[in-house]
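Please read the numbered points with the model open alongside.

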Amino acid sequence: MRLDKFICKSTEYSLVDALALIENRTLIVNGIITVEASHQVHKNNVVTLNGKVLTPRPSRYFLLNKPIDMICSNVDEQYPSVLNLLDVDRVTELHIAGRLDADTTGLVLITDDGHWSFNLTSPRNKCEKVYKVLLSRPISDDATKRFLEGVLLQGESKLTLPARLHIIDSYNVLLTLTEGRFHQVKRMFSAVGNRVKSLHRQQIGNLKLDVDIGQWRSLTHAEVEALSVHE
Ligand code: URA
């Protein structure tokens, strides 16, 4: 973790305060005064501020059921951020691990653990996300095969990774992806001549959405572990 972030996670100081403290040569990492805010602090490092050893607070992990017309961003824009729904301390330290569009509903994970969310969203780790899709036209016969083989999204040169389609009925399907390209589900259906009318993420890995719309809860330690990548 960067030294400036490490200070914020260990104290009540803001990022601006942390930068000033670093500049004023008050931070000592393993016995050496450190003036680089980007200095990487590792697990076994000892960081002191005015002679006091800093210990970071444990990371936080939340699951939230995103309503329509809210955005997965740290700031409000055309619509309010989903972070407004969380009544927890230090919301500004949190970020969203795998965003959904404003018109998509469902499972969103929120954390202050950048390493965890990076691994979770990296296509290298093949974490499955399941989307329930309502289509504007009946699903075509060849869609299952084409999604398994990968489709070319408009403006891209690499096929999508194999994706599983489960047909509920001709307008309702489940799509399981292991990557998260920009507007991927909508663009995949567009590539096979269809259009998404509504989209809902119901599962990430083994974690199923189990709170009502607009509600949230903390993840258990076991759930965090199950979604972690152990290198
Ligand atoms: N794919 C989309 O097109 N939109 C989302 O919100 C998520 C996946």
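Leaving aside neighbours within four places in sequence, which residues is Leu175 in contact with?

1. Basis. The model is predicted, so local features need pLDDT of at least 70 and side-chain atom pairs pLDDT 80 or more, whereas totals for chains, interfaces and linings use all residues. Residues are numbered from 1 along each chain as its sequence is written, and side-chain values use heavy atoms, without hydrogens or water.

2. Contacts of Leu175. With those neighbours set aside, Leu175 is in contact with Lys129, Val130, Tyr131, Val133, Phe147, Ala163, Arg164, Leu165, Val185, Met188 and Phe189; contact means heavy atoms within 4.5 Å.

3. Domains. An automatic or database assignment divides the chain into domain 1 (3-53), domain 2 (61-122 + 206-226) and domain 3 (128-204). Over C-alpha atoms, the centres of domain 1 and domain 3 are 46 Å apart.

4. Largest core. A nonpolar core joins buried Ala, Val, Leu, Ile, Met, Phe, Trp, Tyr and Cys residues through side-chain atoms within 4.5 Å, buried being under 20% relative accessible area with a 1.4 Å probe, protein chains only. The largest has 31 residues, of which Ile110, Val133, Phe147, Leu175, Val185 and Phe189 touch the most other members. Because domain 2 and domain 3 both give residues to this core, it lies between them.

5. Second core. A separate core of 15 residues includes Leu63, Leu207, Leu209 and Leu219.

Technical notes. Buried means under 20% relative accessible area, exposed over 50%, partly exposed in between (1.4 Å probe, protein chains only).
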